[in-house]
Amino acid sequence: MRNNTTLKGKFYLLYKQIECRKGFLKGVFIAAFILSLLFSLLHPSIVKGGVALKKHKVARKETLYSISTKYHVSVSEILKANNLNLSSKIDTGLLLIIPSTQPSNVDRGNTIIYHTVAKKETLFKIATKYGTTPNNIIQLNKLTGNNLEVGVTLIVGYKNNQITQPLNEAVVLPQKDNTGDGNSVSNTATEVADKIVGLGEPDKGKNRQVEEKDPNGGRTHEVKTRAPQDDPRNKKGEYRNLGDYFKYSSLPLLILRIGAILFILAIVIIAVVILTMRTNKTIDDNKKQQFDKFFQDLVAQIIFTDKENETDEFEEEFTHEQAKLIEEFEREFLTIPFFRQVAIDRLIEVYKSLSGLAAKRVENLYYEFDLVNDTLRKIKSARWEEKVRGIREVEQMHLRQAYKQVYGLINHPNEMLRYEAQLAVLSLRRARHLSFLEKLDTPLSAWQHMNLVAKLKKIPNYDVRNLNKLLDSPNPSVNVFAIRMIQDFNMVKNVPEVQRMLDHPNEDVKVAAIKTLSYLHNDKSILKLLSAYPGESERVQSEILKYIGVTGSGEHGGMLRQLIGSSNTNISHAAQEALALMSYQPLDELNLLLDSKTTESTKALPESGNI
Amino acid sequence: MGMKILVAEDEPLLRRLIQIRLEKDGYEILTAKNGHEAIEVITKTDDIDLIVTDILMPFMTGLELVSILKSMNKTIPIIVLSSMSVEKTVLEAFRLGANDFITKPFSPNELAARVKRVLEEVGNTTK
């Protein structure tokens, strides 16, 4: 087998393709990179750790703990975020990274610390007790003032489940008064660390309420915790499974994430599809090139065969070698519909350009490849555009055997289709080329009229006899066509027939007849027109006035002058135009008449019927 | 012989057929798909003896090609091929400097004969 595209070849082509499309691939990769970046930003673990980062500059007298309560994070989280340990020095002016924000404390299973207000308790007292500030409590509880009611439960802070902060212990780190700039907390920090380690067990149990007795009196604080097994996330803040993720994740974020995933998927699919298509295209192109080469050489060999005996040129047989090539070509390419169509198109193009023996041989090939059946099948196709294609091929290859089929389509409801069929029938006919129009009962546009005339003029020895039959057609558009043909082909002999058409009931036919009569001037026409004028419609009357303008002599000038004053503006305009068209009529006289018309507008004017 | 002929024709099969037919007569054939390509070939190749060009081609028509060659002061003889046997087109082609005009459909043998004649005529005048 010739020109086999092997798998190896395909891979080579793919490689070549990729090499050629570096720019395109670069674009795809950049897009994929940006999208994955976007996606990773939306990933929960990053949201947890990265989005809510804050910075804090350590002020004078500030301790690690006061900072931690200010931002509602644990001391250990601050230490972790800043790569510090409890023995590190926290100096004034040091810039600390505060890892997380308030809502995430609750989200991640942290405990809300509640305090029920006892008698004589003030905001300040409670704040001091929990190592926080009055303002903080106001903010957390959205309080409007400093007054507290006894028995009201307030949120005073958060407790981390992993590393539990002491509640009743001295939560305020001892501050070392120092006149210098640095507030050293190193010693106390170590102490706290010990305490933290001691109390480091996270709370266990479900929605436990802890009642703790305060040594100072009847004040209680409630601690509501969410048990670790209720939290859908692990210690790292990641969801245990996809189900939990979709269940607990917030809706807008969820939509965004799903959108991002779908978007990336779509991009990947599109990239794959485009690449595949392009690869296929390259393979196709390759095959097309093989087709072109084979086809061109084959056609050339057949067209340029020198035959010793030229007399039998129309029944010539292919040589043994040619027959073999044809067979191979058919086997290799003509089993594929695409190549059959390309072969048809190419042969038609050459058939149109060549004449004599060469054209005949092209035609022979068209039959030899059995392409004629492809064309005939198209005409039978249910799809109108396929039919149109078939009709064009029939016309271009002059397939007279398809004449009847094409003829059957000249009145098809589809305008494009029937126009194409009419043109094909016109060029397939040997004589009386236009007689098919006698059978036409669909309207014929001015555009199609032009096409038909152009096509007709290309036919050598075209025959336009018997136009009179078309004038008698019950189809007014065919009558109009015939009248215009008489004008186009300057058939003076047919003028009486055109005059006869002035009695036609159809307005279009009358107007066409008047126009043609104005070109093919005849003395009898004007008399007929003038006698017909009174009973005609406004449009026909205007056309008659135009006729007078084009052909008329001075004797009708008076009539036109009278009509300029007509109460009917259309008739008045037509009369003005006609007067302007009359060569003898000087323009200033026309202007004079127009002036007099405007000044004597109330003057009674003859009605059209009185002329 | 070995004379160089440039064939500018957009229809691939016809271009190839013209090429093969003229090669049979011993000419060396260069081809172009359109006027643009033809100009490129002409600027790259100095010793083109004749141009056979179609009129209706994409990007640049045969007539445009003829007028551009004229403006480039190239005195290469040109045979124009056209399916438009309109008098105006034929006259325009000759006015622009075409040496011959062939109307489609044409016989390849006729084209070969005209090519031969034009080359002989040009050969005689330059001698």
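Which residues of helix 3 (residues 62-71) of chain B are buried? In this predicted model, the buried residues of the helix are B:G62, B:L63, B:L65, B:V66 and B:L69. Viewed along the axis of helix 3 of chain B, these buried residues fall within an arc of 160 degrees, so they line one face of the helix. Just after helix 3 of chain B comes B:N73, whose phi is positive, at about 60 degrees.

Strand 4 (residues 78-82) of chain B also holds B:S82. With 1% relative accessibility, B:S82 counts as buried, because the cut-off for that class is under 20%. Leaving aside residues up to four places away in sequence, the contacts of B:S82 are B:D54, B:I55, B:F101, B:I102, B:T103 and B:K104.

B:D100 and B:R117 form a salt bridge in which the closest N and O atoms are 3.3 Å apart. This pair links distant parts of the chain, with B:D100 in strand 5 (residues 100-103) of chain B and B:R117 in helix 5 (residues 108-126) of chain B, 17 residues apart. Salt bridges with shared partners extend the picture, joining B:D100, B:E110, B:R114, B:R117 and B:E121 into one network. Within the pair, B:D100 is buried, at a relative accessible area of 6%, whereas B:R117 is partly exposed, at 37%. As a general point, side chains of opposite charge can pair when their charged atoms come close.

One salt bridge joins the side chains of A:K510 and A:E536, at 3.0 Å from N to O. Because A:K510 lies in helix 23 (residues 507-519) of chain A and A:E536 in the loop between helix 24 (523-532) and helix 25 (538-551) of chain A, the pair ties together parts that are 26 residues apart in sequence. Both A:K510 and A:E536 are buried. The other salt bridge is formed by the side chains of A:E385 and A:R383, at 3.5 Å from N to O. Here A:E385 is partly exposed, with a relative accessible area of 38%, and A:R383 is likewise partly exposed, at 48%.

Turning to strands, strand 1 (residues 54-57) and strand 2 of chain A run antiparallel and are joined by four bridges. In this pairing, A:K54 stands opposite A:I98 of strand 2 of chain A. Strand 2 (residues 95-98) of chain A has a covered face made of A:L96 and A:I98, while A:L95 and A:I97 make up the uncovered one. This arrangement can be read against the general rule that in a regular strand the side chains alternate between the two faces of the sheet.

Finally, the surface of chain A carries a nonpolar patch formed by A:I258, A:I261, A:L262, A:L265, A:I269, A:V273 and A:M277, with about 630 Å² of accessible area together. One of these residues, A:M277, is found in helix 11 (residues 251-303) of chain A.

Technical notes. Residues are numbered from 1 along each chain as its sequence is written. Chains are lettered from A and ligands numbered from 1 in the order in which they are written. This is a predicted model: local features need pLDDT of at least 70, side-chain atom pairs count only at pLDDT 80 or more; totals for chains, interfaces and linings use all residues. Side-chain values use heavy atoms; hydrogens and water are left out. Patches are made of residues with over 30% relative accessible area and no salt bridge: like charges are joined within 9 Å, nonpolar side chains (Val, Leu, Ile, Met, Phe, Trp, Tyr) within 5 Å. Accessible areas come from the Shrake-Rupley method with a 1.4 Å probe; for residues, only the protein chains shown count as cover. A salt bridge is a side-chain nitrogen of Lys or Arg within 4 Å of a carboxyl oxygen of Asp or Glu. Helices (H or I, at least four residues) and strands (E, at least two) are DSSP runs, numbered from the N terminus. Buried means under 20% relative accessible area, exposed over 50%, partly exposed in between (1.4 Å probe, protein chains only). Contact means heavy atoms within 4.5 Å. Two strands pair if DSSP finds at least two bridges between them. The arc is that of the directions from the helix axis to the C-beta atoms.
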